[in-house]
Every structure is written in C-alpha cells, then in structure tokens.
Amino acid sequence: MSQTWVKVAQRGWGAHHTIGAAVRAAADGAVVSVMPGEYRESLVLDRPVTLLAEKGAGTVRIVAPRGPALTVSGGAPELRGLVLQGADPAGPALLVGGGEPVLTDCEITGGRVEVAGTAAPVLRGCRVHRAAGEGVRLTGDSRAVLEECTVAGIDGVGVLVAAGATPRLRGCTVGPVGGEGVRLGGTGRSTFEDCEVTGSGGAAVRLLGAAAALLVSCRLRDGRAEGVHVSAGATATATADGGTDGGAGGTVLEGCEVSGTGAAGLLADQDGRVVLRDCRISATAGAGIVALDRSSLRLHGTTVADTADTGLAVGGTASVRADGGGVRRAAGNGVYASGQAELALTDCEVADSGYSGIHLGERARALLVDCRLHGTPEHGIRATGDSLLRAEGTRIERAAMAGVSVEERADAVLHDCTVSTTGTGVRLHTPHRPLLDDCRVTDTGGTGVELGPRTGALLLRTRIHRTGAAGLLAEEHSVPLLHGCEIAGTAGSGIVVRAAAAPQVRSSAITRTAKNGVYHADGSHGVLEDCVLSETGYPALYVGAGADPVVRRCRFHDTAEDVATADGSAAVIEDCLAERVKASALPVPAATAAPSRLPLPAAGPGEADRADRAGSGDGSDGAGGADGTDGTGPAADSLEALLAQLHRLVGLDRVKRDVETMVKLMQLVRRRKELGLPPPPTSRHLVFAGNPGTGKTTVARLYGQILRALGMLTGGHLVEADRGDLVGEYVGHTAPKTTAVFRRALGGVLFIDEAYALVPHGQGGDFGQEAISTLVKLMEDHREEIVVIVAGYPGDMQRFVDANPGLASRFTRTLTFDDYLGPELVEIVAHQADQHRYDLPEPTVAALAEYFTALPRDEGFGNGRTARQVFQWMTERHARRVCDLADPTPQDLTTVQPEDLPELGLPL
C-alpha cells in the first residue's frame, strides 16, 4: 500500500493551513509534510502519523500560544526536523504522557522536554535549549531514549530523572546549564553511554535517594561544583559488563573522565555507594575523591591526578577499597583518612603529592597491599591520632621526611615492605608496639628506624642498609625488640641507645658501620644475644657510664676494637668471642676453633626464619624436606603452600594428620566467630613427644607460620628456649628471665625443648617450678597472642604436664613424633645429596638401606641428624677417594659409591 501524504502550507491552494487540521485529516500512517514557516498552534498527537519539515530541519517552527507546543498522549507518531517552542520557559515545550513517539533532528526551545507516565519516546539528534527549571524532565515509569542530543542554555538542571523513570542516553551533550547537569532521584536506573556534561553550575551528575545509574565512557568537564555527587541510598557502581558491583541497583562509572571541576571530582556522603572502574579524575579545584559519613567507594583501576587539594579524602565511617590505579600529583595529601574511616588499597600508586603521600588521623584504619608510594616533600605514610596502619608488600620511596611516621597513639604493622631514599626511614613515636616484619629500610638521608621516647617496637627479619645516620635510634625509655635483623652500611652507629632505653637484640648482624656497631649511652639498658658485630669504624660495642646491657654469645670480628666501656659502666658480657680484632677485650679462639654456636644471623631472604637462639646447628632438628630442603626456608605466604611444605617432610605421617585436623578445627572456629557463634573448646598449646632428631623443631616452626596464615597469630615466628633460658641462678632471677623469653615470642611460638628438665627428679625446691608458675600466668594473660609448645622424650613429658595443674589444663593435645624408619633415613640422605648435587646410584642406595638397618639405635642415635651426619661422612670419604685419582671426571666428582659409606660403629 502506498503511503498517504498530506500537505501543510500557510498560503496557497490544495493544502491545509494548520498542522492540526492536517493531522485530523490524515489517516493512520500518513506523512504530514509541512512547508517552511512559523505555525502558532498547540498540537496533540495520539496516532501513528509522521510530521516532516519538507525543506529540512529548522525550517518549520511550531509556537504554542499557551502550554506545550506538542503533547503526545499515545500512539507512535514521528517528528522530523521540527522546532517546538513552548509558551512558558518554566513549563514544557514538549510533553509526552504516553505512547512511543520518535523525534529526529528536532529543536525544543522555550520550555522543557517532559516525559511522564509509561511513555517511551525516542529523541535522536535533537536540541533542547532556553528552558527554566529543567531542560529534560523524565518521571513516572517512563523509558525515554535520547541519542546524539544536546541540552544547553538551561537556567536550572539539564536533565532531571525522578520517580521510577529508566532513561537511556547515548552520545548526548549536556551543558552549559545553570544548575546540575544531570540530577537523578527516585528509584529508577538510568543509563548514560558516551555522554558529555560540561559547564554545569552545580554537580555534573547528582544522585539522591535510591537512584541508580550506569555511566559508560562519559566525560564530565569544567563544571563549577562536583563532577559526581552521590548521597543517601544512591549507589554508583562500575563493572566491565555493565552490571552492578557492591550495591543494589547501582550506578556504573566505567571508563569515564571527570576533569576541570570547581569542587571535588567525586563526592559521596550520607549513605552513598560508588564503584568506579577504569576511570580518570583530574584537574579538580577541590579534592579528587571525597567519601564522607557512611558512604562506601569501590575503585578498580581508577586514577586521580593533578588535584588542587587532596587526591583521595575519606572521613566519618566511610569505607574505600581500591585496586589498581592510584593518585598522582595531588597538591595536598595523596590520600587523607580521618574519623573512623576504613581504607584498603591494593596494587595502587600514590606519587608526587604536595603533602604526605598517605595521612591517617583520628581512628582511621588503612590496609595497603602491594602499593607504591613515592615523591613527597613530607612523609610517605603518616599515621596520627588513634589510627592503625597495616601494609604488606608496599614500597615507599623519595619521601623528604620519613618514609613511614607513626605518631601520637597510632599503631602500625608492616610486613615485607621497602622504605628507601627517604629522610628518616621509619619513625615511631607512639606508646604502642609497631611491628616491622621482613622489611627493608635502605638509602636514607638520616636514621633508618627511629623510636621516640617510651615507644616499643618489634622488628623481625628486617634489614636496615645504607643510612645517613644511625641504623636504629632508641630514644629515652624506648624498648625495641629485634630478631633476625641486619644493619649494615650506616654513616653513624648501627644502633644508638639513649638513657633508660632497653632494646633487646637477638640473632642479628651489625656490620660496616662508620661509628660504633652498638652505642649504649650513659644509663641505658638492654640485651644483645647471639649477634655478630663486624667492620665497625669505632669500637663495635660502646657502653657508657651507668649503662648495664647484657651481652651474651655474641661474635665480634674484623674490626679494630671489639668492646669499649666508660668508667662506671655495668655491662654484663658472657660467652662472647672475638676474631681478627686488633684490640680485644674478649677471648680470642684458636685458629682451629669453630664457634658453631655463634652463627652469623640470616642476611638474605633464604634465611629469614632462623630460630631465635643458637644451638640448633643448622636450624633444624632432623626433619628433611622432600624438595631437598631441611624445612627451614622462608615462610610461605599461603596456607596451601605451608601445608604442602609440611607434607614434603619425610615421614611424620601421624603428625601431619594431627596438624591437618587442627587446621580444619581452627578454620571452623574462625567461621563460627564470623557468624557470631561461640567457638568450640580448643587449645592451641601442644606437647611434642619424640626422640631427638625427629623433626619437632621444624614442625613447630611450620605450625607457627600456619597459625599466622590462618590469622590466629600476628607474627608466627619461632623462639626456642630450654631450662637455661628460663631458670635463674638465684632467688628473684627466674621470673624476669622467663618473662623476657615469653615476651620475645608474643605473636609467635614459644618452643621449650626438654621441658621436663624444669621438674628434675627429687628436687622439689628447684627454681624450675617458679618458671612453670610464671609461664602458666603469662599464658593466661596472653592466651590469644602466643602458642607454647613443650617438647621432649615421650617418657618424660607426662611427668612435666603433671607437675602443675595449670599445665594439665592448657596442654591437652600431644603430637607423637615416631623414630624414622630405615627407608625414611635413606630418603633424607637422598635429599641431602640432591641438594648438594651428588648422585647416589642404585648400589649406593641399597648399601645405605642395609647400613641403616644394621645401625644400632642406642642413646647416640639421632634420627634425622644421624642421617645428615652419615651423608657428611660419605662426602668426606668420597673426597679422599676422588682426590687420589689422577684425572677425575665430572661423574667421579659427583657420584657417591657404596665404599664411601662410613663403617658401622664409627662415632657419628
């Protein structure tokens, strides 16, 4: 059927003189072709007719004498190229109350576009301007679509969405407008794709109530207020597929740009919820992103740059989680958190801030994982008030003041962090006890780690290298605890201890210091145990008048002078040795002496989890790893990796099953707590019953790391002790010794070997009972902060547990370590051979099996240690045999033959 055409012209014959008359005369589906001119009438359409400007867009103007120029109440009419001019700029020029009209290349002026009811209009290439109040008002349950439209010159809001309207805008431009560019209220979900809001007098996009929106690849520019302002129950979300992320409804900002705003780039307050993905906020006159009140932000790959104020500001009880992206070139702080805000940054960069990179105040909480902070004239991270900082795998560089500064009543936990090229490395001035675990502080202009007065700190496996002043400064009354640390290349002393400070330094190395290794000022205290001091410019240890440090089992070597003391000093120096020292106050061992009980503490990551005290030889008690290790490598990051490491140990099948059972129980405890359910009765303290060399120390070390992975311990480190470490020599000496060892183990595992020695036979008045009573009290006071493992011969451990009612109630689980079978001992030797690149051919393996079958298992049998001693004898006998060969081949150098086994009866 051919289409019917109806003509409209203001003059001439054969045409209608008004558009209304033509519409009334036209049949459904007809095309009403309008000649150029201004038609003063108000149209009402409810039928499927098409109105067309015959000579092109803009040539036909419909001017309403009153009310809207066009009202659509139903049907699917089409308008092409018409100009609709309302009678009142504050009223509608186009009113769509129903139907599905389509307007193409039209101009709406002198009033707004209003869509209500269930109408579903489509506007393509249209222009809305010269309206007061709003340019476009979308309300009811309408479903308007605007494509490639422009809303500008509005004395008020550009686009207003209310009630349950769910509009979709594509490629539209809003602005300049006098008020907000887009205001979203009601309960509907709006979609904006590739739109631009520019030059708005208020926020470019404002969300209120339960409104939701999806903004994809939009540009919000050059407004006089915020780029995006989200309040109340409104939710702003961003996902790659246009779905929601973290909130009901959801407004998506994905791949959007916010720039040139007169205030914050994004402001979330009240209960606002915002999630952005791959967005960029830049050149804001205020902060880049602000989260206040109870709001919640989720940022994915989003960057904030070139802000005139703070990059990211969080206050109230707001929560911000960000992964990827970061903050660059903020004129204020890079990130500022206060109130009771919660901040979590993962793989983020904070660079070139005007103030501190990250500032925490009041009771804010921050977690940083794998972040990078660099370039600030102040601090990399500054924690003040009662704030709490937790950082893992984070790198802080180029901070003119401190890399990390913890002040007032703030606290901090730093794990696997690096601080370099800063003024001071880490500055701790707080009554709390911050933790630095496996951290690196390098290339500082001043002190590496500075502790203020009355500050406690725990440094585990931390390396302080190349400092412009002291490696560690302990101010008056401070109490730093160092274990397994290394201080090297300092322009001042390695450790400076001020009056009344009492550091405890164990199993650590201090080397290449321009001044003293350790400088104890007058009236200072402390403990230095199992440490190595070398290559110092001044005496390795200086003790001032009235200072009374205790120095035990330390080794001084390759320095001009080992110890210098002032008149009136009260230092206690026990079991220390000096090697290659020009002026020594200590005994010098013979050239053949091997001070194996004074090993150099671990400097590299492969030795990060050595035991707390010397005396365990190679750091293991016999368990061999199936991967060729002795079970003393660095702590794994995940529970799965730690359990895999446990299962790689040779033998110990019963122990492995028991540990797995305890892991599952603790996982259940944690889940019940998360659900508010009471936990079942549990005891983390253990009895290890087994003969020497059966892997007790190795499993204890892994157990601590497993508990840390489960979140049950903060440190997971192992502190070894025996009777000599706990029991004093006179009345009043035992309790302080036991307490000192216990406190070193807080956050980790206290492993008491040969614990039955605390209750020797027939000595009821022995000081060991005092040590046990002290332990029981401390275990009760710190029940959630430590695990105590007591170990010894199976026949003696029950006597120990029965010695005190408090022990029986706390040690309710015993793990039995069976002796290694012959094939397991062969496997340990094979692992040792593989680790040291020796080959064991089948005849040698068979000879080993026969050797261990025939080996007497008397009091001298050491299980895993015996296996390693056998391997050592084999390599020595192999060396003697091969050295007699005239021209040994590579195979000769690596192959161990059966004749290299030691003879039975040879002392091992």
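Is proline 823 buried or exposed in this predicted model? Proline 823 has a relative accessibility of 62% and therefore counts as exposed, since the cut-off for that class is over 50%.

**The chain as a whole**

The structure described here is a predicted model. Its protein chain holds 13 helices and 74 strands. Of the 908 residues in the chain, 57% are buried. Taking contacts between residues at least 6 apart in sequence, 47% of them join residues at least 24 apart.

**Proline 823 and helix α10**

Proline 823 belongs to helix α10, which covers residues 822-835. Along the sequence, proline 823 is 173 residues away from valine 650, yet the C-alpha atoms of the two are 9.9 Å apart in space.

Helix α10 packs against helix α12, which spans residues 864-883. The angle between them is about 50° and their axes are 9 Å apart. The two helices are therefore oblique to each other. Their crossing is right-handed. On the α10 side, the contact is made by Leu825, Ile828, Val829, Gln832 and Ala833. On the α12 side, the residues are Gly864, Ala867, Arg868, Phe871 and Met874. Seven of the residues in this contact are nonpolar, two are polar and one is charged.

**Helices α2 and α3**

Helix α2 passes α3 in a right-handed crossing. From α2, the residues Leu639, Leu643, Leu646 and His647 take part. They meet Lys656, Val659, Glu660, Val663 and Gln667 of α3. This contact consists of five nonpolar, two polar and two charged residues.

Glutamate 41 sits in the loop between β3 (37-40) and β4 (43-45). Its relative accessible area is 12%, under the 20% cut-off, so glutamate 41 is buried. The side chain of glutamate 41 reaches the backbone nitrogen of glycine 20 at 2.9 Å.

Threonine 442 lies in strand β51, residues 440-444. With a relative accessibility of 13%, threonine 442 is buried. Its side chain makes a polar contact of 3.4 Å with the side chain of aspartate 443. Leaving aside neighbours within four places in sequence, the contacts of threonine 442 are Val419, Ser420, Thr421, His465 and Arg466.

| Residue | Relative accessibility | Class |
|---|---|---|
| Glutamate 41 | 12% | buried |
| Threonine 442 | 13% | buried |
| Proline 823 | 62% | exposed |

Methods:
Residues are numbered from 1 along each chain as its sequence is written. This is a predicted model: local features need pLDDT of at least 70, side-chain atom pairs count only at pLDDT 80 or more; totals for chains, interfaces and linings use all residues. Side-chain values use heavy atoms; hydrogens and water are left out. Helices (H or I, at least four residues) and strands (E, at least two) are DSSP runs, numbered from the N terminus. Buried means under 20% relative accessible area, exposed over 50%, partly exposed in between (1.4 Å probe, protein chains only). A polar contact is a pair of N or O atoms within 3.5 Å; within protein, one must be able to donate a hydrogen and the other to accept it, and residues adjacent in sequence count only if both atoms are side-chain atoms. Contact means heavy atoms within 4.5 Å. A crossing is left-handed if the near helix is turned anticlockwise from the far one by less than a right angle, and right-handed if clockwise. Ala, Val, Leu, Ile, Met, Phe, Trp, Tyr, Cys and Pro count as nonpolar, Asp, Glu, Lys and Arg as charged, and the others, Gly among them, as polar. Axes are lines fitted to C-alpha atoms, for helices over the stretch in contact, and angles run from 0 to 180 degrees between N-to-C directions. Angles under 35 degrees count as roughly parallel, over 145 as roughly antiparallel, 65 to 115 as roughly perpendicular and the rest as oblique.
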